[in-house]
Amino acid sequence: MTDEKSSASSPRRRLLLQGSAAFAAGLAVPGFARAQDGGPIRIGHLTPRTGFLGPMGEYAVLGATMAVEEVNAAGGVLGRKFELLTEDSVNPQTASTKAQRMVERDKVDALVGEISSASGLAIAQVAARAKTLFLQTGCNSDELRGKNCSRYMFHLEACNTMYVRTIGQALLRDGMVKGKRWMAFTADYAFGHDLFKQTKKFMDENGAVFVSNDMLPTDATEFSASLLKIRQQKPDLVMSNLAGNQTTNFTKQYNEFNIDIPFAGADMNMTSIWGAGKNGFSGVWPIIWTHQVQAPSAKEFVARFQKRWKKLPENQAVNDYLAIKILAEAMARTKSVEVDKIIAFLEGDNSFDVLRGRPGYFRPWDHQMVYEMYTVQPSEDKNAGKDDFMVTSKPVPAADQSLEVLAPTQEENMCKFA
Amino acid sequence: MPTELIFIVQQVANGLLLGFYYLLIALGLSIIFSLGGIVNLAHGAFYAIGAYLIVFLSDSLGYGLAFVVSPVAVGVLGMLVERFFFRRFYRADPTLSLLFTFALSMVIEQALRMIFGASPLSFSIPEFAHGQVIVGDFFYPVYRIGMLFVAIAAVAGTWLLLNRTAFGKIVKAGINDPDMVRAMGISLNPVMTAVCGLGIGLAGLSGVLLAPITGVQPAMGQEILTAAFVVVVIGGLGSFWGVVVAAMLVGVIRGLTSYFYPPASEASLYLLMLLILVLRPRGLLGEKFERLE
């Protein structure tokens, strides 16, 4: 410092210093203002854009982008605009690095997104260390709400148990469980393993007879060997715990092999159904939302989405859309971007329009959003249009049941916030 | 026959059928390498273009016409790529063509993503090919049997072209001694253009055939390319019958692993490749290659 002082005594040097100080101040002032008021509220959005979850990630970005546009068109929140920073999360390592960079360098006010449970866990750890809010929109693993739960993480996506119980109710109703021999095909990674565990638990509890489970590599695209095996074993029911593009291809080929054994599964996305197509889609599946949901707010959302993106919305777009809209509502109602106030608001007795018949809410003890779910299966109507070759059931749970019957109880999936 | 044995025979037969799909894509890869010395990492991307074309053209042209036009269009694209790009790399360091084709595959994949989106496009088996063939205990979808005949015809056609025509003689001579062919006053340039058109057109045809079975999505090329490389490496680079035998072997091994131990079904290809490379580095029927050895 003394060195600088002495050299600053030269007039030219002083001028230079003053100039750069003024320049630095010029940069620093808006930066300061940005953090305080007037500048945008920044949202770090991470989701897989490539790989087998990429198709869903694409919709996540469309949903999130539209939510931010709507928030800003309505004048923003607290007089500030929302700014979306969206990136491909790729894999857990990259997701962690990018989340860290968003928190530290970009100073985001919240993290939103993700589909892979493994990457979701990595982001949750960064969020917890930085005490930043993370609204996850696509990770299904029960452990993320149980053993690995975090005070800073909220779950817009349903957990595996919720999916299994939704399809389970449909199967029980149709008499497809008790005493029935069932075969399983499972995606060979964390999500699939967890889903198989929950499915098997449900089937065992309800008296089904387990035949076999095949773990299939996530990069497999051709399933003729498995399909021949199904024809050989002749079970009463085939359950899929597959993921992403696997689901599309397996469903298509199941239809191609014309297997007349009932087919169901505990995870489905609209991208997979559209990918399988009218002649390829088969089975009965649980889903968190479809464009056929009969609720006024859902219909309005479908119309807005179609106008904005020239295509129908699907379930992943809805989760990312809702996460940002709920975040905006929480900030507006608490008049704050402070993480503790927002957590208190989300944990509190507040419910949200989740584009379904009944409003949804976060359970305070594990931060799981509970909402109506649905089952979806091929339409009987042979003349159904290219967007409506599937039919969406009435909401599950039924109107007279608590929304919480699907999600695991505190005893089943213990969560302790550190 | 005991039931277990019937199951196994079914899986073996299924593996042989799968082998033909591998063969179709691996064959083009192999002939482009044999003549031009180019390891075409963009081969899978052309396969994806074939799949997208049939989905896209079926709406306007109908399935039948689209089925013919799509592979031909991919072949023409292959000829253009040869004329304007591959040609620069025949005498260059192989690393350059590797880099170029790798970049080309990424450009194509991202272009497909930009134009059609990341979601798989829906495309189903045409109505006339629905149904199954049942012979005793054996059962198979009609479409896959149709695919098998198309694949056999394409492979047989390629063999006849390379072994029974004047064109094939020039190709073979070009592989053995390009300088002598030139000294005889025959230009290899149009031959290379035709060979790339053929090889890449075969990749397009595989895409057309597999589009109704596997998802039509931008990364589909990468998935199949790895398997195709395994087939070429096992068979021996540049060997027609080597590739044929390897494709069948890979199909059967994969089918049997899917039956007995499904988690290893994808890994089984690589284990087989490892084994072959250790025991016979040039591949099953590969000839000694000056370029490599």
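A crossing of two helices is left-handed if the near helix is turned anticlockwise from the far one by less than a right angle. The exercises below use a predicted model.

**Exercise 1. Describe the packing of H1(B) and helix H8 (residues 189-210) of chain B.**

Solution. 
- Step 1, geometry. The two helices pack at an angle of about 165°, and their axes are 9 Å apart.
- Step 2, orientation. Angles over 145 degrees count as roughly antiparallel, so H1(B) is roughly antiparallel to H8(B).
- Step 3, handedness. H1(B) and H8(B) make a left-handed crossing.
- Step 4, residues. On the H1(B) side the contact includes B:Tyr21, B:Leu24, B:Gly28 and B:Leu35. On the H8(B) side, B:Met192, B:Cys196, B:Gly199 and B:Leu210 are among the residues involved.
- Step 5, composition. The contact of H1(B) with H8(B) has 16 nonpolar and 4 polar residues, and no charged ones.

**Exercise 2. Carry out the analysis for helix H2 (residues 43-61) and helix H4 (residues 94-116) of chain B.**

Solution. 
- Step 1, geometry. The axes of H2(B) and H4(B) come within 8 Å and cross at roughly 25°.
- Step 2, orientation. Angles under 35 degrees count as roughly parallel, so H2(B) is roughly parallel to H4(B).
- Step 3, handedness. The crossing of H2(B) and H4(B) is left-handed.
- Step 4, residues. H2(B) contributes B:Gly44, B:Ala45, B:Ala48, B:Ile49 and B:Tyr52. These meet B:Leu104, B:Ser105, B:Ile108, B:Glu109, B:Leu112 and B:Phe116 in H4(B).
- Step 5, composition. By class, this contact has 8 nonpolar, 2 polar and 1 charged residues.

**Exercise 3. Characterise the side of chain B that touches chain A.**

Solution. 
- Step 1, counts. In chain B, 29 residues are in contact with 36 residues of chain A.
- Step 2, elements. Helix H1 (3-36), strand S2 (138-141) and helix H10 (240-260) of chain B each supply at least two residues of this side. H1(B) gives the most, with 5 residues.
- Step 3, composition. This side of chain B divides into 13 nonpolar, 14 polar and 2 charged residues.

**Exercise 4. Are B:Ser265 and B:Phe229 buried, partly exposed or exposed?**

Solution. 
- Step 1, location. B:Ser265 lies in the loop between H10 and helix H11 (267-279) of chain B, whereas B:Phe229 is in helix H9 (residues 220-235) of chain B.
- Step 2, B:Ser265. The cut-off for buried is 20 or more other C-beta atoms within 10 Å. B:Ser265 has 26 C-beta neighbours inside 10 Å and therefore counts as buried.
- Step 3, B:Phe229. B:Phe229 has 19 other C-beta atoms within 10 Å, so it is partly exposed.
- Step 4, contacts. Leaving aside neighbours within four places in sequence, B:Ser265 is in contact with A:Pro217, A:Ala220, B:Arg254, B:Thr257 and B:Ser258.
- Step 5, distances. B:Ser265 and B:Arg254 are 11 residues apart in sequence and 5.4 Å apart, C-alpha to C-alpha. For B:Phe229 and B:Lys172, 57 residues apart along the chain, the C-alpha separation is 22 Å.

Terms used
Residues are numbered from 1 along each chain as its sequence is written. Chains are lettered from A and ligands numbered from 1 in the order in which they are written. This is a predicted model: local features need pLDDT of at least 70, side-chain atom pairs count only at pLDDT 80 or more; totals for chains, interfaces and linings use all residues. Axes are lines fitted to C-alpha atoms, for helices over the stretch in contact, and angles run from 0 to 180 degrees between N-to-C directions. Helices (H or I, at least four residues) and strands (E, at least two) are DSSP runs, numbered from the N terminus. Angles under 35 degrees count as roughly parallel, over 145 as roughly antiparallel, 65 to 115 as roughly perpendicular and the rest as oblique. Two residues are in contact if their C-beta atoms, placed from the backbone, lie within 7 Å. Ala, Val, Leu, Ile, Met, Phe, Trp, Tyr, Cys and Pro count as nonpolar, Asp, Glu, Lys and Arg as charged, and the others, Gly among them, as polar. A residue is buried if 20 or more other C-beta atoms lie within 10 Å of its own, exposed if 12 or fewer, and partly exposed in between; C-beta atoms are placed from the backbone.
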